Amino acid sequence: MNSTRYGISMFISFEGIDCSGKSTQARLLVERLQQDGHKVLYVREPGNTALSEAIRALLLDKKNNDMTARTELLLFSASRAQLVENVLRPALDEGTILICDRYTDSTVAYQAFGRGLPLEDIEKCNAVATGGLLPVRTFYIDIPPDEAQRRAAETGKGAGDRIERAGKEFFTRVVDGYHYLAQTQPQRFIGIDGCRTIDDIAADIWSRVQELLLRSNSA
Ligand SMILES: Nc1ncnc2c1ncn2[C@@H]1O[C@H](COP(=O)(O)OP(=O)(O)OP(=O)(O)O)[C@@H](O)[C@H]1O
Ligand SMILES: [Mg+2]
């Protein structure tokens, strides 16, 4: 996080299980920052480069249900490597506030805790994919799997793609993974109670971002 001659550059990510409200909150934060005149880039993982979108389609395709956990890990990592080098680093160099809808913490939560791959393998893969680029803050929208299922049913999103169909026990393990991150990286990885109203959650996140902006202005 710093001020460049073009503007403030800052990297914020959103995490949470499916239907926790990540994209809703990311969109509201993007709008709020743009109203204040910041240059903002929203990216959704996996995706945002032609190659990364092609990898996303492979990952989510129900036809690929024989995909092994390690293949899945490497595909997510490949998509991220392309995104970091071609999009994220250049944007930060040009004074942009990056809002990333999922990033390396999803790989820890889903592939280590959800799929059961060794955590140290995941951490190595994340390091290779990102070259060490980490968000200054990650807002983890914390809701129980039951509430996520209720929202999914309500919106008709249901158990749509290959990963969403993994079941409730899987998502319970993913939540354990997110809680592990909140405990081990408390400065960066901030749990946000996602069971409040959309406006209350947005106000909570905005006050935290404002603090960061003030700090980076006075840096
Ligand atoms: N705080 C909230 N209370 C109730 N419903 C919410 C709240 N936040 C979001 N929703 C609703 O839940 C649904 C899922 O929200 P959203 O798409 O933002 O989640 P997501 O985490 O981005 O999901 P995905 O991982 O599938 O992309 C939407 O219909 C949204 O309107
Ligand atoms: Mg979303």
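A residue counts as buried when its relative accessible area is under 20%, as exposed when that area is over 50%, and as partly exposed in between. With these words in hand, the structure can be read step by step. The model is predicted.

Of the 219 residues of the protein, 49% count as buried. The surface that remains open comes to about 10,500 Å², and carbon and sulfur atoms supply 51% of it. The C-alpha trace spans about 50 × 35 × 30 Å along its principal axes. A compact globule with 219 residues would have a radius of gyration near 17 Å, and because the protein has 17 Å, the two agree.

Next comes the order of the parts. The protein has eight helices and six strands. Read from the N terminus on, the elements run β-β-α-β-α-α-β-α-α-β-α-α-β-α. The chain also folds back on itself: among contacts between residues at least 6 apart in sequence, 80% join residues at least 24 apart.

Is Gly177 buried or exposed? Its relative accessible area is 0%, so Gly177 is buried. Leaving aside residues up to four places away in sequence, Gly177 touches Ala109 and Phe113. Phe113 is 64 residues apart from Gly177 along the chain, yet their C-alpha atoms are separated by 5.3 Å.

The cysteines come next. A disulfide is a covalent bond between the sulfur atoms of two cysteines. To count one here, the two sulfur atoms must lie within 2.5 Å. How many disulfides does this rule give? The count comes to zero. Why does Cys19 form none? The closest cysteine sulfur to that of Cys19 is in Cys195, and it is 13 Å away, which is too far for a bond. The surroundings of the two can be described in the terms given at the start. Cys19 has 17% relative accessibility and therefore counts as buried. Cys195 has 45% relative accessibility, so this cysteine counts as partly exposed.

Charge is the last topic. The protein has 27 positive and 30 negative side chains. The centres of these two sets lie 2 Å apart.

Technical notes:
Residues are numbered from 1 along each chain as its sequence is written. Chains are lettered from A and ligands numbered from 1 in the order in which they are written. This is a predicted model: local features need pLDDT of at least 70, side-chain atom pairs count only at pLDDT 80 or more; totals for chains, interfaces and linings use all residues. Side-chain values use heavy atoms; hydrogens and water are left out. Buried means under 20% relative accessible area, exposed over 50%, partly exposed in between (1.4 Å probe, protein chains only). Helices (H or I, at least four residues) and strands (E, at least two) are DSSP runs, numbered from the N terminus. The radius of gyration is taken over C-alpha atoms; the globule rule is 2.2 Å times the number of residues to the power 0.38. Contact means heavy atoms within 4.5 Å. Accessible areas come from the Shrake-Rupley method with a 1.4 Å probe; for residues, only the protein chains shown count as cover. Lys and Arg count as positive and Asp and Glu as negative; His and the chain ends are not counted. The place of a charge is taken as NZ of Lys, CZ of Arg, CG of Asp or CD of Glu.
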